[in-house]
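Subject: Handover of a structure and its findings

Dear colleague,

Please find the structure below, together with its sequence.

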Amino acid sequence: MNVGDVVEDFSVQDQHGSTVTLSQLLESGPVVLYFYVKAKTPG
């Protein structure tokens, strides 16, 4: 994935356990996707 790439809509759980979609988040403005490895794993 590179800056400016278009991704398909997806859903995840937020910090409160509610399901939210990328399209819902984009209604409020730009979204930054940040991926990181699980804690205490190599990577």
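For the chain, the mean pLDDT is 87, and 98% of the residues reach 70 or more.

This is a predicted model, in which local features need pLDDT of at least 70 and side-chain atom pairs count only at pLDDT 80 or more, while totals for chains, interfaces and linings use all residues. Residues are numbered from 1 along each chain as its sequence is written, and side-chain values use heavy atoms, with hydrogens and water left out.

The chain as a whole

The chain contains one helix and two strands, and from the N terminus on these elements run β-β-α. The C-alpha trace spans about 35 × 30 × 15 Å along its principal axes. Of the 43 residues in the chain, 5% are buried (buried means under 20% relative accessible area, exposed over 50%, and partly exposed in between, with a 1.4 Å probe and protein chains only).

The largest pocket

The largest pocket holds about 210 Å³ of space. A pocket is defined on a 1 Å grid over the protein atoms alone, as an open set of points where a 1.4 Å probe fits, with protein on both sides within 12 Å along at least five of seven lines; lining residues have an atom within 4 Å of a point. Grid points are joined across faces, edges and corners, and the volume is the space filled by probe spheres set on the points. The lining has 14 residues, and Asp-5, Val-7, Leu-22, Val-31 and Leu-33 lie nearest the centre of the pocket.

Val-7 belongs to the segment before β1. This residue counts as partly exposed because its relative accessibility is 32%. Beyond its neighbours within four places in sequence, Val-7 is in contact (heavy atoms within 4.5 Å) with Met-1, Leu-22 and Leu-33. Its C-alpha atom is separated by 21 Å from that of Ser-18, 11 residues apart along the chain.

Val-3 is also found in the segment before β1. Val-3 is classed as exposed because its relative accessible area is 87%.

Ser-23 lies in helix α1 (residues 22–26). With a relative accessible area of 35%, Ser-23 is partly exposed. The C-alpha atoms of Ser-23 and Asp-9 are separated by 6.2 Å, although the two residues are 14 residues apart along the chain.

Yours sincerely,
A colleague

Definitions and conventions
Helix = DSSP H or I, 4+ residues; strand = E, 2+ residues; numbered from the N terminus. pLDDT = per-residue confidence, 0-100.
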